[in-house]
Amino acid sequence: MKQVFKTRVTEELGIAHPIIQGGMMWVSQPELVAAVSEAGGLGVLTALTFETAEGLADAIARTRALTSKPFGVNLTFLPTLVPKDYGSLIDVVVGEGIGIVETAGRNPEPYLERIKSGGARVIHKCTSVRHAKKAEAIGCDFISIDGCECAGHPGEDDIASLVLVPLTADAVKVPVIASGGIADARGLVAALALGAEAVNMGTRFVATRESPAHDGVKEWLVRAAETDTMYVMRSLRNTERVLRNEVAEKVVELESAAATACACSPAARSRSA
Amino acid sequence: MLAGGEIEVGLMPAGQSVGLVRDVPTVGELLDRIMAEAQRIVDGRLAGMTG
């Protein structure tokens, strides 16, 4: 497919199409990532999926065996009780010469100098104009702004992409990537009209042939309606949008019963992977 | 659950765009389709509105 749109993101990242497959825990594995990059978009591996530095290095090698085109690595900084060894993961990213790093979660500032020491461009994923301005100020090269339609963590402000994308494009000078709610050409064109220079898609890529998700999950995604997701963990100010099922309904029920600390423990989360 | 396919056993992140997901194409088919349709929207539908 020839290039249709030339944008600041396609030019600066060296990709044909302004479509990024955002980092998704467990889903963003070499086969999917390489397929997206081979198709002209930008695939992104998730470092935490591979847990160790060796695991990440192996995933990078497997991706490189499948594509010679650019791909990125996502580093999500989580508020975990036991600090993760981000240093060794960043060493792999720098040592392997990864040119594009997507950061998410907490403020990446403590790690930014080290990440950029090898010349990587940094896409910071955030959910508010306030955080976008902060990310630009500390030296991030791109802002991926997540409207509350998104999967996973939408923040606590509940601003949808139709408002959040143009406000972010107005607020920062670096290129903006629209994330949340986009799954087809209409969303892409709309995002470009709103001021974005590219889009980020997650859920759409889970339902592809190269995605590692089980066929049962892909079939569910095809059947699901726009009303089949819901928020959990809002009461902990760690809101997450997940598919609507009995477990999610139970979590919300327990939250409203103020039994939050137990229901949302790392043990409950680990069962979701 | 992503690997096992049992969608009732845990929490699985999913966005509202799930309502727009209607098939399971290859990534190549998906990007080709999106870019071809995007071109038609811009050169056809939108251009027709301003032309």
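What follows is a set of questions and answers on a predicted two-chain model.

Residues are numbered from 1 along each chain as its sequence is written, while chains are lettered from A and ligands numbered from 1 in the order in which they are written. The model is predicted, and local features need pLDDT of at least 70, side-chain atom pairs count only at pLDDT 80 or more, and totals for chains, interfaces and linings use all residues.

Visitor: How many helices and strands does chain A have?
Guide: Helices (H or I, at least four residues) and strands (E, at least two) are DSSP runs, numbered from the N terminus. On that basis, chain A has 13 helices and ten strands.

Visitor: What radius of gyration does chain A have?
Guide: The radius of gyration is taken over C-alpha atoms, and the globule rule is 2.2 Å times the number of residues to the power 0.38. With 273 residues, a compact globule would come out near 19 Å. The C-alpha atoms fill a box of roughly 50 × 40 × 40 Å along the principal axes.

Visitor: What percentage of the residues in chain A are buried?
Guide: A residue is buried if 20 or more other C-beta atoms lie within 10 Å of its own, exposed if 12 or fewer, and partly exposed in between; C-beta atoms are placed from the backbone. For chain B, 37% of the 51 residues count as buried. For the 273 residues of chain A, the figure is 49%.

Visitor: How many residues does each chain bring to the contact between A and B?
Guide: Two residues are in contact if their C-beta atoms, placed from the backbone, lie within 7 Å. The contact takes 57 residues from chain A, and from chain B 37.

Visitor: How many residues on chain B's side are nonpolar?
Guide: Ala, Val, Leu, Ile, Met, Phe, Trp, Tyr, Cys and Pro count as nonpolar, Asp, Glu, Lys and Arg as charged, and the others, Gly among them, as polar. The side of chain B that touches chain A has ten polar and five charged residues, and its nonpolar residues come to 22.

Visitor: Which residue of S5(A) stands opposite A:Ile100?
Guide: S4(A) and S5(A), residues 121-126, pair in the parallel sense over four bridges. Opposite A:Ile100 stands A:Arg121.

Visitor: Is A:Arg106 buried or exposed?
Guide: A:Arg106 lies in the loop between strand S4 (100-105) and helix H5 (109-116) of chain A. Not counting residues up to four places away in sequence, A:Arg106 touches A:Phe77 and A:Pro79. With 12 other C-beta atoms within 10 Å, A:Arg106 is exposed.

Visitor: Which helix of chain B do the buried residues of H8(A) pack against?
Guide: In H8(A), residues 185-193, A:Gly187, A:Leu188, A:Val189 and A:Ala191 are buried. Within chain A, the buried residues pack against helix H7 (161-171), strand S7 (176-179) and strand S8 (198-201). From chain B, the partner is helix H1 (27-50).

Visitor: What is phi of A:Asp158?
Guide: A:Asp158 is found in the loop between strand S6 (142-146) and H7 of chain A. A:Asp158 is partly exposed, with 13 other C-beta atoms within 10 Å. Its phi is positive, in a residue other than glycine, and near 60°.

Visitor: Where does A:Arg237 lie?
Guide: A:Arg237 is exposed, with 8 other C-beta atoms within 10 Å. Phi of A:Arg237 is positive too, near 55°. A:Arg237 lies in the loop between strand S9 (229-232) and strand S10 (240-243) of chain A.

Visitor: How far apart are the C-alpha centres of the two domains of chain A?
Guide: Domain bounds come from an automatic or database domain assignment. That assignment gives domain 1 (8-215) and domain 2 (227-270). Their contact takes six residues from domain 1 and four residues from domain 2. The C-alpha centres lie apart by 25 Å.

How values were computed: Two strands pair if DSSP finds at least two bridges between them.
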